[in-house]
Amino acid sequence: MDEKYFPEKIEQKWQQYWTDTKCFEVEADESREKFYCLEMLPYPSGFLHMGHVRNYSIGDALAWYKRLNGFNVLHPIGWDSFGQPAEQAAIKRRIQPREWTEQNIAHMRGQFKRLGISFDWSREIAAHTPEYYKWDQWFFLQMLERGLVYRRESPVNWCPKDETILSNEQSSGGVCWRCQTPVVKKNLEQWFVKTTEYAEDLLADMREIEAGWSERVLTMQRNWIGRSVGAYIDFPLQERDEKVRVFTTRIDTVFGATAIVLAAEHPLVATLVEGSLLKDDVMSFVNRVREERGRTTSEVVTEEVEKEGVNTGVFAVNPFSDEQLPVWIANYVLINYGAGAVMAVPAHDERDYEFAQKYTLSIRRVIAPITHAEEASGFEASFDEDVSAEMTTAETGYGMLVHSGEWSGKLSQDAMNEMAAHAETEGFGGAAVTYRLRDWGISRQRFWGAPIPIIYCDEHGAVPVPESDLPVRLPERADFTGTGQSPLTYVKEFVETECPTCGRPARRETDTMDTFVDSSWYYFRYCDPHNADAPFDKEKVAYWMPIDQYIGGIEHAVMHLLYTRFWTKMMRDLGLVKIDEPVKNLLTQGMVTNVTKTNEWKAMSKSLGNGIDPDEMIGIYGADAVRIFTMFAAPPENELRWMETGIEGAVRFLRRVHTAVYRWRGGFEGVLGAMNEVQTNDAQKSEARGLRRVTHRTIERVTHDFERLHFNTSIAALMELMNAIGDLRATPENATHDERFAIREALEAMVIMLAPFAPHAAEEMWEGLGHAGGMLQGEGSGARWRVADAELARQEELEIPVQINGKLRSRVMASPDATEDELRAAALADEKAQGFIAGREVVKVIVVPRRLVNIVVR
């Protein structure tokens, strides 16, 4: 061990040691408790940024902590290596996506190793390898066989810049999730995964993960799934055979319906106006709305948009009242909600009210607010039915039905149940549940993705590729034209093939799969990464899964994190796994921000000029200092503001610890016994005893904070312990046996607790303290997380505030175990308190054990 702290030399030494000894490689071991620690699969963009450093430093700290506590820790790494950026780079740099991707992986792998992240590199996977995407294709075929995959023409969200389809999740807000380009609509044949089949499971199974996931993420998923409980009603069109199906969550308001309103994309639109004098006006409006909607996503409805509509001249019949209702088309009704049509009830729906006011539709009140007294007495006559003139806003609450035929006088909830049952009995409706969630469109018009294993035959249509022919391999090369069609279309040797059914000439599907397919199941593959015969071995997955701690960004709440929950349930139903949920605990870490040229704190970005190169920081300060800073500067879920002075502080701290270990490294000869085994002696009253108390309080505190992922307070506690070690006046030359024992105990505990944050420095210091073989696998090294001695960690005395009528007047010292009577007596006997009590009556004494005493006088 060198006298000075040289991070580059130390880090290279221990990185080589870890590689040579393979000490982070693990296998399933039923005799040991497992811990699966995982950060989200990185995309190989070329360079790690400080957000990566923070994310993986958090995961690595937890992995080290669990190893030191005796767990069998799986901490793997791989690459989300398919995707559009590789094709953009191919066009820009005139190289193939594979070449660009693999260069980036090689560079980022080196960066991870320079950071010293304790990955099990023997399990490394990459989505772009045939060994991996073979199983993407296999899963596709399993879902196709079970009706969970299907093909249809559909308006898709299209990014004109990346020239590819986006899912609803990827185009939320009307812009591309990757490049922020406004999304447009385009009709294409594409493949869908039936995620809606699992909507109820996705909601119900949230109870399994509520304790370990943030409520923010769960709420985002609930809202995205968007479960609505209501009823559907079929409204027959007058003098026509067709019916308009409407979904409503308020069937109790059906007698207040004054129009039926369709989405512009509703399939009945063209039929309604065929041969009508209004056809040109109606279709002009419809086409304009469709065009406007094509510039956003179908999931976006902004209340600020002015409600517009056109009357078709057609009437529908309300099956409850036999009343004729005009059929309109409006821009505020969405084809992807319910059935793409609504019954307009202006008196009780805000959007319908706004629409009715503009187009002078009738407004009819059929729900009256009630009180408990009125509930039993009946008061329908006191509410006018037509209130078009007097209403200034919609009344959206529940209440008692009025002017609603046989249901008048019933409460909303009772009426809704009865009316849904009546609709079902009469054959024109019934109770129903709908979801905002839509099936997942996985077709992408790109080369760099997993080929969809389908062959098109003129005679047999879409034919699945036989499993024995998997993987369908990507060609090594393709020409990138930027036309919007998949480059695979122009690769003759890929496209031209034979039909598996009849052997005649056929063509392959040229769309590839959405990259979220790759990331929906990758952590199952980590459990058995080299299996050539199956996606994974069931027994190995049963041992390692679910993930005990998953770490990544909040931006994946309704994309990756929703898809992967679906995928797990699908695999469960295939009999591959026995779990319902893949992730037990989820941490969504905050962004790393830096000041821009305009003096704003924003997420680091090359375009904003506020990015920081981790390699540069490692070169100047060392990986351990960079890691400590990213975990000390803020709680993990909060934004971290970049300050280079913070790294300098981390270096100073590491130097202090290193210097103390070097100074004392040979000073413990003759100091026998392990921690918690030393016999009570005169040190009980010495400074050594005080240091031992600080050591054990620190162990207790850091252990508690680690379990809560409070890394910043853990590091602060270690700094305080270092101060306590420095405050001890003993030196290696004059220290007593008790002082040597206390210092040895403190330094060993310090080094072990430091290892999750600064593993290179900790390994070097552990060796300097006389332990050979590394912290994780040296025989008899003793590098195990220390357990706090409860007696030593207990504070000997507490300072208890004494208040008089709520104002602080004094403080008394008391044992942490002092009873309420003892605290009351101590406070009343306190000299300062007596000065405020003298001559006054003590009305009562309020005691909060271990916290305060409040004496009330008058």
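**Exercise 1.** State which residue in β22 stands opposite Ile455, and then how β19 and β22 pair.

*Solution.* Ile455 stands opposite Arg508 in β22. The model is predicted, so that local features need pLDDT of at least 70 and side-chain atom pairs count only at pLDDT 80 or more, whereas totals for chains, interfaces and linings use all residues. Residues are numbered from 1 along each chain as its sequence is written, and side-chain values use heavy atoms, with hydrogens and water left out. Strand β22 covers residues 505-508 and pairs with β19 in the antiparallel sense over two bridges, where pairing requires at least two bridges found by DSSP and a strand is a DSSP run of E with at least two residues, numbered from the N terminus.

**Exercise 2.** Work out how β19 is joined to β20, and whether the side chains of β19 are buried or exposed.

*Solution.* Strand β19, residues 454-457, pairs with β20 over four bridges in the antiparallel sense, and Cys457 has Gly461 of β20 as its bridge partner. The two strands form a hairpin with three residues between them. On one side of β19 lie Ile454 and Tyr456, on the other Ile455 and Cys457, and all are buried (under 20% relative accessible area, 1.4 Å probe, protein chains only).

**Exercise 3.** Give the strand order of the sheet and explain which strands stand at its edges.

*Solution.* The open sheet has four strands in the order β20-β19-β22-β21, with antiparallel pairing. Because β20 (461-464) and β21 (496-498) each have a single partner strand, one side of each is left without a neighbour in the sheet.

Definitions and conventions: Buried means under 20% relative accessible area, exposed over 50%, partly exposed in between (1.4 Å probe, protein chains only).
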